[in-house]
Amino acid sequence: MSEEKNTHVVSSQLNILIWLDLLIFTLITVEVAQFDFMALTVIMALLIATTKSFFVGSYFMHLKFENVLLRWLVIGVICLFVAVLILLFSDYLF
Amino acid sequence: MSSEAGTHDQLFHRDDYAKKMGMWLFLFTEVLLFGGLFIVYAVYRFKNHEAFHEGSEELSTLIGTINTVFLLTSSLTVALAITAIQKGRSKRAINLIMVTLVLAFAFLVNKYFEWNVKFEHGLFPGMEHYKMLSNGEAQFFNLYFLMTGLHGIHVIVGGILLLIIAEGIKRGNINQGNYIYLENAGLYWHLVDVIWIYLFPLFYLIT
């Protein structure tokens with residue numbers, strides 16, 4: 001177990017490609033924020049931020065190559081947070 | 001468990017998977033810590049839409065964008081350092097960690113100047129100008145200082161961790177066969193990056 005780890009080496013090229021994606025999304029989010037889409041502005045910014053986080057999580061944090069248990073734990077925590085957010089705003093919105 | 005049974009391995013059983021799982025469990029608590037603050041932000045923003053608009057006008061999009069690029073690039077260099085050590089290139093890994101530290105320092109210097117301007121304008125909670133702000137704007141700056149400050153502390157802690165790990169690589173304790181500590185410090189660093197990915201649009205971009 002100690003030696004036989006399931007190591008997955010993410011190549012430097014792939015890492016750099018992900019970094020370029022992240023920079024492009026940063027540029028997009030800055031540009032998009034110049035326009036006023038009313039309520040959509042926040043949603044748009046959060047969607048782009050979530051896309052960026054997905055890239056960081058999947059490749060930089062190696063989640064794409066981790067085992068099922070760890071991936072589901074991460075998904076579980078995200079679901080917990082979203083659930084709290086929805087429950088809270090169900091109070092404020094209505 | 002240890003199939004390749006050297007006596008050394010039998011005496012000191014190493015479980016990298018458990019170490020990584022432990023790190024992730026810690027990261028979950030971090031997510032919920034910042035998550036709580038994001039929820040506070042969401043509610044205050046919802047209740048004081050105009051004031052938050054005024055507040056974020058005070059922040060420089062340019063400085064925020066530059067800091068975002070610094071942090072994203074530092075995440076890349078940490079990821080590259082892990083790839084390097086997996087391939088047994090320790091020296092390259094150390095150099096990449098050093099680049100990460102330089103970027104982290106640049107981020108903090110930027111932050112220092114940014115905060116300094118706010119201090120000069122008296123916008124820190126308790127200062128002259130701050131006391132004259134509307135409730136909503138005061139909440140905006142309160143959260144701005146709290147969240148970017150807490151994030152800044154995380155950048156400092158991550159930097160110290162990476163420095164210790166660079167020393168470990170230099171001494172040979174962390175190497176191609178045993179690099180879980182670098183991986184875990186990397187996970188922490190990437191989480192700090194992810195938190196900034198959300199802080200940036202919420203404070204600097206959405207007006």
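This report walks through a few local features of chains A and B in a predicted model.

## Ground rules

Local features here need pLDDT of at least 70, side-chain atom pairs count only at pLDDT 80 or more, and totals for chains, interfaces and linings use all residues. Residues are numbered from 1 along each chain as its sequence is written, chains are lettered from A and ligands numbered from 1 in the order in which they are written, and side-chain values use heavy atoms, with hydrogens and water left out.

## An acidic patch on chain B

B:E50, B:E54, B:E57 and B:E58 gather on the surface as a patch of negative charge. A patch takes residues with over 30% relative accessible area and no salt bridge, joining like charges within 9 Å; a salt bridge puts a side-chain nitrogen of Lys or Arg within 4 Å of a carboxyl oxygen of Asp or Glu.

One of the four, B:E58, sits in the loop that links α3 (49-57) to α4 (61-86) of chain B. Its relative accessible area is 38%, so B:E58 is partly exposed (buried is under 20%, exposed over 50%, partly exposed in between, with a 1.4 Å probe and protein chains only). Helices are DSSP runs of H or I with at least four residues, numbered from the N terminus.

Helix α2 (residues 16-47) of chain B holds B:E30. B:E30 is buried without a salt bridge, and the nearest side chain of opposite charge, B:K111, is 16 Å away. The B:E30 side chain does make a polar contact of 2.8 Å with the side chain of B:H154. Such a contact is a pair of N or O atoms within 3.5 Å; within protein, one must be able to donate a hydrogen and the other to accept it, and residues adjacent in sequence count only if both atoms are side-chain atoms.

B:D16 is also in helix α2 of chain B, and it counts as buried because its relative accessibility is 7%. Its side chain has a polar contact with that of B:R14, at 2.8 Å.

## Two loop residues

In chain B, B:N175 belongs to the loop between α7 (135-171) and α8 (180-205). With 27% relative accessibility, B:N175 is partly exposed. Its side chain reaches the backbone oxygen of B:G172 at 2.9 Å. The C-alpha atoms of B:N175 and B:K87 are 9.6 Å apart, although 88 residues separate them along the chain.

Over in chain A, A:H62 lies in the loop between α2 (40-60) and α3 (68-93). A:H62 is not a glycine, yet its phi is positive, about 65°. It is buried, at 7% relative accessibility.

Note on methods
Patch = residues over 30% accessible without salt bridge, like charges linked within 9 Å, V, L, I, M, F, W, Y side chains within 5 Å. Areas by Shrake-Rupley, 256 points an atom, 1.4 Å probe, with all protein chains shown as cover. Lys, Arg positive; Asp, Glu negative; His and termini not counted. Charge placed at Lys NZ, Arg CZ, Asp CG, Glu CD.
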